[in-house]
Amino acid sequence: MNQGLLSPRPISPDRPCTIGELFRRSVERTPDAEAVATVETRLTYAELDARAMAMARALVAAGVGKGGRVALLAPDGPFWLTTFLAATRIGALVVAVSTLATAPELAHILKHSDSQFLIGVRGFLRHDYSERLEAALPSIADHRDGALYLKDAPYLRRIWLDDAEGLSWASGHADLLALPAPAEALIEAMAAEVAPSDDAVIIYTSGSSALPKAVVHTQRSAAEHSQVLAPYFRIKPTDRVMPLLPMFWVGGLNFALEILATGGTLVYPLGPGMEDVADAHEQLGVNRINSWGPQSDRVRAAIAARGFDPDTVGGLAVPRSPDGVPIPANRTVNMLGMTESFGPHSAEPSGELLPENLWGSSGRVTSDFDRRIVDPDTGEVLATGQLGELQLRRGGLMRGFYKMDADRVFTPDGFYPTGDSAYLDEAGHLFFKGRLGDMLKTGGANVSRQEVEAALRSLPEVALPIVVGLPDPSAGQIVAAAVVAKEGFTPTEESLKIALRDLVANYKIPKHIVLLDEGDVPWTPSNKVKVGEVAAMIAERTGHGGER
């Protein structure tokens, strides 16, 4: 029997469906509650709203209107939020630029997105964006006071930085805010014309071998889906949350909107270093920290060094059973989402224990997504329980990729092929098995990299597992792995293999397991492991050669 479409979860008819409406509702409910805080700046909802209004008036004075493309290059904090809320309030399209972007990546993003305006900071950490912009757009240095006309970014007209001293091609934030601005009544009139279907944000996904794709989300997908997800993350108005995923990625932006929709407080460190994180936690009353992978262990250690118990901080606490025993990761839900779905499309409430038959599940559908599993070769919809490619429609799904025809992105009936290998059970619980391109074939059998990584990650001594396939003349590929151990643990290759015997089939146990120091792991600028480079490292250390 074919599974058909799952019943959608209802969307409340009174739920705000633009970003401006979402934020205004919280301003009206709790104007005096703290919205965003750093160790230098603290703003209530009313104060953040006033700053966003002032910025919106300045943007309109500069010529920004509905559909105008505003590139935003700044670290997380009050300025990023102010500019984002201002631009989306008047219907502009925000291009979220990574603070890690190299000069070639900046050149691509500004040209590809047709950005008309760039608002940002001159520097952050070791990054000098004035130098990087001059390297990205060589002819920019020839411009003096006024509009820009650049072949390398033909639509870009103005750049505003917090410090424009000595830069002939940029103006300061103060210059922007000093422009003769229209009355607030005009901004309100413009905001009233912003529709849920209007484009709101472009998020560039990281690519390992090709240029990143530009994911376009509408006002509706950003506003509605963040409200849908807040209960899954158990967000409360009293929460003071420090998200450590940057807002130029969907995880950071979605979480920020969840907090703003709920009326909680966003707390940002001045930088990503652990001392800054510990300062913010200690001084600003943080009760929850949202982090990722091996970063969580570093955050736990930094907070513990200040005398705090990490297990009292939401997001860092180790899940435990009622008798205090740590719960393996596969026994709580592993939410599944992507940039294209504006966060999790499949989930259960955070920390909820799963019955044994659901261990490893990613949960049920989060909103009114349509999900189906198809044969990746034929497109045939598969029956419940059959493994195939997950496809999505509706819900928080993106409008598409910028400058890419819809028929190259979606199926004729509107589904997006995710590239995820998965199956659905009778109750709609999704079981993710890996990326279609991440399946290894060893001795004629398929092995999911993610399945083996999940098994390794469940071991108490493992902080970061990386599973790869190495070429083998007889087996085609062999399964191999690199492991970063948790602080205080000293596993061996043999001890890890023995532990895996109870978790995965024999043929899935890596033939080689090498131990790496955390600093040896190669990462992309978007915090993704360079799997190909790790494979080469394993091959070199084990003598199991060949190109991956």
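**Close-up views of a predicted model**

**View 1. Helix H2 packs against helix H3.** Helix H2 (residues 45-61) and helix H3 (residues 78-89) pack at an angle of about 60°, and their axes lie 8 Å apart. Here a helix is a DSSP run of H or I with at least four residues, a strand is a run of E with at least two, and both are numbered from the N terminus. Axes are lines fitted to C-alpha atoms, for helices over the stretch in contact, and angles between N-to-C directions run from 0 to 180 degrees. On the H2 side, the residues in contact include Leu48, Met55 and Leu59, and on the H3 side they include Phe79, Leu85 and Arg89; contact means heavy atoms within 4.5 Å.

This is a predicted model, where local features need pLDDT of at least 70, side-chain atom pairs count only at pLDDT 80 or more, and totals for chains, interfaces and linings use all residues. Residues are numbered from 1 along each chain as its sequence is written, and side-chain values use heavy atoms, with hydrogens and water left out.

**View 2. Four strands form an open sheet.** The strand order is S18-S19-S21-S22, with antiparallel pairing. At the edges are strand S18 (369-374) and strand S22 (430-435), each pairing on one side only. From one strand to the next, the twist averages 45°. Look for S18 beside strand S19 (residues 388-394): six bridges join these antiparallel strands, and two strands pair if DSSP finds at least two bridges between them.

**View 3. Strand S8 pairs in parallel with S5 and with S9**. Four bridges link strand S5 (residues 117-120) to strand S8 (residues 158-161). Phe117 stands opposite Arg158 in S8. Two bridges join S8 to strand S9 (residues 171-172), where Ser171 is the bridge partner of Trp160. In general, strands of a sheet pair through backbone hydrogen bonds, either parallel or antiparallel.

**View 4. Pro471 sits in strand S25 (residues 462-472)**. With 24% relative accessibility, Pro471 counts as partly exposed (buried means under 20% relative accessible area, exposed over 50%, and partly exposed in between, using a 1.4 Å probe and protein chains only). Now find His544: Pro471 and His544 are 73 residues apart in sequence, and their C-alpha atoms are 8.2 Å apart in space.
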